[in-house]
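The sequence and structure are shown below.

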Amino acid sequence: MISIIVTHKQNLSYLHDCLESIAEQKYKDIETILVLDHTEDDLTDIKEEFGESTNLKVYELTDKTGVAAGRNLGLEKAQGDFVMFLDNDDYMIGESLQAMMDEFEEETDFVYPQYKRTYFKREAVLSGLASPYEGEEKELAKVDFNDPVNYNIERYDSIEMPSVLGTIYRKKLFTDNDIKFYEDQPYYADVEVVADIYSVADFMKGAEGALYMQRLHNDKVNNPSLSQYPKDETMPYYFMAYDHLMEVVTNERVRRHYQLILSYYIAQWLPRKHRLSREDKWRGEYYEKLKELALDIDKEIIKRSDMDRISKKFMYIFIKGNEAKIQRAIDRTRFKRKISDMRHDARLRNKNLSLHFFSKLPFKKNWVVFESFMGRSYSGNPKYIYQYMQKHYGNKYKYIWLLNDTRTKIDGKCKKVKRFGMWDFYYRNRSKYWVINMRQPLVIPKRNKTVILSTWHGTPLKRLVFDMDDNYSATPEYKNIVYKQTREWNYLLADNAYSVDKFKNCFQLDDDILFLSGYPANDPMYAQDRDEKAAEIKKKLNIDPDKKVILYAPTWRDNDWIGEGQYGFDLAMDLDRLQKEFSDEYVILMRLHYFIVKGLDLSKYKDFVIDVSQYSDITDLYLVSDMLITDYSSAYFDYGNLKRPILFYMYDLELYKNNLRGFYIDIENDMPGPVFETNDELVNNIKHIDEVKEQYKEKFDKFYDEFCSVDDGNASKRVVEKVFEK
């Protein structure tokens with residue numbers, strides 16, 4: 001029997017994936033030992049769902065805590081001849097247990113699986129929606145799976161990565177050699193036990209048919225993994241683990257590997273962490289300990305390594321231990337690295353100009369920097385705040401627009417600056433106010449007196465940032481980056497009370513940051529001349545004045561990610577059929593999200609479908625449209641101010657709801673228009689739009705009262721008076 005030992009402290013969704021992967025194994029001669037580490041989670045449903053299918057036995061730590069103590073308790077309770085350790089955030093793929101057990105022979109001490117890393121839940125990986133960790137396939141291509149030392153130890157570039165997890169061991173390997181997890185080691189518990197196991201095990205094999213998924217955490221703010229804790233905190237335990245390795249490891253390959261890892265660690269981290277203050281640990285105890293450990297490193301190991309020239313030279317000096325030379329080498333190494341990096345990265349050059357020059361220049365209290373959708377356009381809330389200030393404050397302020405294309409036409413008197421160019425860094429450093437509607441770049445440090453007005457750009461329907469479990473778009477560091485950026489905001493606008501609540505949670509902000517103002521970009525929808533304005537826009541777009549206008553504004557899909565801020569899009573709308581049915585009465589404005597970079601060929605629909613994806617301001621498009629068709633876009637909240645019909649064409653609803661994002665709102669019951677998934681329904685709803693409008697009148701009125709009632713045409717005035725007159 002295999003005793004599978006799982007420890008649990010928090011995060012039930014992770015644990016569910018772990019136990020589900022055990023329950024679905026065809027190999028059933030198992031017991032699952034779940035050790036609870038002072039958890040506050042209610043496991044009633046977990047026990048009911050997996051009690052029988054995993055032969056679940058639950059124990060609790062009482063006077064101890066930590067993964068090491070939990071695994072030791074699991075070993076004590078284990079009844080099987082074989083043991084296996086799973087972290088509660090990891091899971092198996094395929095028939096891993098059977099594949100590993102098939103490899104056991106009489107003399108085999110343990111059998112290990114293939115290891116892959118992922119940021120995603122099990123369902124996403126199984127369905128192909130998400131893939132393992134980016135770049136890992138290249139890494140694994142250089143590794144010999146059938147060489148246990150190479151695959152399980154040498155492949156990693158940090159000492160904490162070799163792990164006991166996912167492997168099936170003979171229990172007697174632990175009991176006969178008195179191997180236990182070190183309970184005074186909270187961060188590197190696996191490191192020391194792996195060393196102990198490899199010092200006594202003689203026969204080990206890999207099972208290519210077994211796959212263990214090590215789940216990485218995308219939220220180190222609220223749910224950090226052990227490897228994500230700051231090095232300042234974990235260093236004493238790093239030293240403890242390294243000392244143990246050098247004490248018990250006799251295999252020369254393994255010893256050289258760990259010494260090389262230490263060399264990389266010293267060369268990369270010490271020059272960064274070294275501080276001027278003698279009180280700092282990186283100049284005191286950590287520095288002294290690293291010097292002590294470095295004395296045993298063979299220079300030949302460094303010479304034969306792929307370290308860069310700067311790091312090798314630093315390590316040669318550090319190993320010799322001459323204090324004066326080391327101090328000079330630290331300063332030189334930091335300087336050389338900075339120069340080398342700046343040579344290849346213009347943004348880094350500008351960042352250093354900011355830190356060492358621009359940030360020292362006098363602060364301008366009447367300078368205002370504007371940026372809309374990361375410099376893509378002159379639009380959104382920043383545009384209408386700017387226009388209000390131009391009209392009512394004139395030359396009292398200097399206005400700077402940051403743009404990807406400085407040829408962008410902007411009314412009024414302003415300075416147009418290339419985003420991420422040198423002058424961008426200059427103006428952001430000297431300006432008191434930044435007005436943005438997305439997130440500011442961290443490469444340009446905010447000065448203490450700078451005021452960031454984040455206007456945002458919509459009411460959230462789909463879950464955002466910390467309300468998302470998995471993140472299929474952007475980078476794995478997305479949540480951590482957003483957390484840093486939002487800590488710098490002084491104001492965040494909200495269009496309704498619902499948004500105040502959602503923003504507070506998803507961005508994890510304090511109440512005093514949020515301002516229930518309505519959205520400046522919605523002001524034109526309440527202007528007395530909005531019909532005249534709409535006629536001008538219609539003429540500008542060459543739309544037949546006798547035809548009605550349908551605006552189709554779908555959002556992007558996280559799983560169509562191409563690169564940072566870039567997504568593909570597959571059109572699910574049957575334009576041939578729509579043209580046949582409605583070309584005499586309607587024109588369709590096709591407005592793809594600005595993240596979508598894969599354009600559509602609409603040439604055959606020349607007079608029926610107009611691509612307005614590059615039109616800068618969607619507010620103009622709202623004004624000319626008689627009807628909105630969208631999916632999961634926040635556009636419908638803004639469009640609702642016009643009290644015109646809205647159709648929700650959600651052709652991939654189940655995928656989006658269950659796997660991609662999920663929603664804050666009950667899609668089936670609370671939307672102010674019909675939700676449907678087929679082209680047949682789309683055609684029918686357009687044909688009977690008057691009946692649809694009447695059918696959804698009660699829901700629409702309720703929706704308007706909840707989400708649109710703050711907007712009244714005066715949001716710009718409220719915002720400017722709150723932020724600038726204060």
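Which residues make the nonpolar surface patch of about 380 Å²? The patch is made by Leu353, Phe357, Met422 and Trp423. Patch residues have over 30% relative accessible area and no salt bridge, with nonpolar side chains (Val, Leu, Ile, Met, Phe, Trp, Tyr) joined within 5 Å and like charges joined within 9 Å. Accessible areas come from the Shrake-Rupley method with a 1.4 Å probe, and for residues only the protein chains shown count as cover.

The model is predicted: local features need pLDDT of at least 70, side-chain atom pairs count only at pLDDT 80 or more, and totals for chains, interfaces and linings use all residues. Residues are numbered from 1 along each chain as its sequence is written, and side-chain values use heavy atoms, with hydrogens and water left out.

**Overall architecture**

The protein contains 30 helices and 23 strands. These elements are DSSP runs numbered from the N terminus (helices: H or I, at least four residues; strands: E, at least two). Along the principal axes, the C-alpha atoms fill a box of roughly 85 × 65 × 50 Å. Of the 726 residues, 56% count as buried; buried means under 20% relative accessible area, exposed means over 50%, and partly exposed lies in between (1.4 Å probe, protein chains only).

**Surface patches**

Met422, a member of the nonpolar patch, is found in helix 18, which spans residues 422-430. Met422 counts as partly exposed because its relative accessibility is 37%.

A positive surface patch is formed by Lys299, Arg309, Lys313, Lys320, Lys325, Arg328, Arg332 and Lys336. Helix 14 (309-320) and helix 15 (323-344) are the elements that give two or more residues to this patch. Helix 15 gives the most, with four residues. Lys and Arg count as positive and Asp and Glu as negative, while His and the chain ends are not counted. The place of a charge is taken as NZ of Lys, CZ of Arg, CG of Asp or CD of Glu. Lys336 lies in helix 15 and, at 34% relative accessibility, counts as partly exposed.

**Salt bridges**

A salt bridge is a side-chain nitrogen of Lys or Arg within 4 Å of a carboxyl oxygen of Asp or Glu. By this rule the count comes to 29 salt bridges. Among them are the following pairs.

| Residue pair | N to O distance |
|---|---|
| Arg428 and Asp424 | 2.7 Å |
| Asp511 and Lys504 | 2.8 Å |
| Lys697 and Asp701 | 2.9 Å |

Arg428 and Asp424 are both buried. These two residues are separated by about one helical turn because they are four residues apart in helix 18. The helix of this pair is also the helix of Met422.

In the bridge between Asp511 and Lys504, Asp511 counts as exposed at 52% relative accessibility.

Lys697 is partly exposed, with a relative accessibility of 44%, and Asp701 is partly exposed at 36%. Salt bridges that share partners also join Glu371, Arg419, Asp424 and Arg428 into one network.

**Cysteines**

How many disulfides does the structure hold? The number is zero, where a disulfide is a pair of cysteine sulfur atoms within 2.5 Å. In general, a disulfide is a covalent bond between the sulfur atoms of two cysteines. Cys18 counts as buried because its relative accessibility is 0%. Cys506 is in no disulfide, and the nearest cysteine sulfur, that of Cys708, is 19 Å away. Cys506 is buried as well, with a relative accessible area of 0%.

**Positive phi values**

Asn55, a residue other than glycine, has a positive phi near 50°. Asn55 lies in the loop between helix 2 (44-50) and strand 3 (56-60) and is partly exposed, with a relative accessible area of 31%.

Gln508 is not a glycine either, yet has a positive phi of about 55°. Gln508 lies in the loop between helix 20 (497-506) and strand 15 (514-516). With a relative accessible area of 27%, Gln508 is partly exposed.
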